[in-house]
Amino acid sequence: MSARNLLVTALGLTCVAVLAVINIPDRLPKLDLVERASQFAGALEANAPYRPPTVREGENALSGLIPLLTGGKDTQSEVKTLTPLGFTVTEGRDATTDRRFVMAATEPGDERGWGMYIADYGATPKQVIEVPHPNFDLDTEQIGVQLYRALPGSAVLVAGAHRRAANGLADVAHNANSLFNQVATALARKGLPQVQLHGFDDKSLPGTGVVVSGGSTPHTQLHVQIADRIEADGTVVCRAWQQSCGNLEGTTNVQGQAADSMGTVFAHIESDGSIRSDPVLRARLVAALAAALSSSGP
Ligand SMILES: [Zn+2]
């Protein structure tokens, strides 16, 4: 081999080595988180088995999930904690934002249907986005994950069972023993505001697009901001602190009751079917929520 060829070969090998180093972070799989959440939601059925975690299971799950949702980077130890509880932990990059995420999710149909939890990897969370009724309040998981994309530093909680499963025991918004509630409460205890996404049938409150409520918490500047931003798009908003909103105020919601006892912010958002099923209107709702959350501060 001539000296010139040797030099070319050496340069080539160096380039390959450099590229390999640069490529390491990109080995994380790209995943469309909205699509993934929708597949998860779509697989939840009303007649599936469900049981809440035992006290021990709840404690173990919290010891894995809370570090994961609050910027923890030791995913290997979280895998060890969460796998025996039926969770699969996935690391990757979101296909749309390219942001790195960690997700822990149970298997739809498993009686331990304890949820899908998504964290912005390594980020200190600023808010908690909650989807308690997937595949019942249709498309709310899409609103939730789209809001996650719009607001870096969000923790997303999606219930892991249909709200009607096990005769309604799986309704995490009304079962304080649910893991969803335990995670929501642990995050609220850290002072994080919660935004909980629901959906109502257009016939339940005709003429109204969105109901904004504090559940059983007092309304705050965030609630006013959310209502103002949504209204600015021409959507009719019912403000639960000013009007009666057809029993869609979420006053019996257990995450709201826990937030009230801790003095933390809880926003209960109900949107009608025509908004949730229309990608353009849904995106507008997400943008309004994101603008309100990012401007109202902690
Ligand atoms: Zn709901």
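Author: A residue is called buried when its relative accessible area is under 20%, exposed when it is over 50%, and partly exposed in between, using a 1.4 Å probe and protein chains only. This is a predicted model, in which local features need pLDDT of at least 70 and side-chain atom pairs count only at pLDDT 80 or more, while totals for chains, interfaces and linings use all residues. Residues are numbered from 1 along each chain as its sequence is written, and side-chain values use heavy atoms, with hydrogens and water left out.

Reader: Is Asp 137 buried or exposed?

Author: Asp 137 is buried, at 3% relative accessibility.

Reader: Which protein donors does the zinc ion have?

Author: Donors are N, O and S atoms within 2.8 Å of the metal (3.2 Å for Na, K and Ca); water is not among the atoms, so sites may look incomplete. Here the zinc ion has His 133 (ND1), Asp 137 (OD) and His 198 (ND1), at 1.9 to 2.1 Å. Asp 137 lies in the loop between strand E5 (127-131) and helix H5 (140-150), whereas His 198 is in strand E7 (residues 194-200), 61 residues apart. Helices (H or I, at least four residues) and strands (E, at least two) are DSSP runs, numbered from the N terminus. His 198 is also buried, at 5%.

Reader: What spacing do the donors follow along the chain?

Author: The spacing is H-x3-D-x60-H.

Reader: How many disulfides are there?

Author: A disulfide is a pair of cysteine sulfur atoms within 2.5 Å. The count is one: Cys 238 is joined to Cys 245, with S to S 2.0 Å. The torsion about this S-S bond is about -85 degrees, so the disulfide is left-handed. Cys 238 is buried at 4% relative accessible area, and Cys 245 is buried at 0%.
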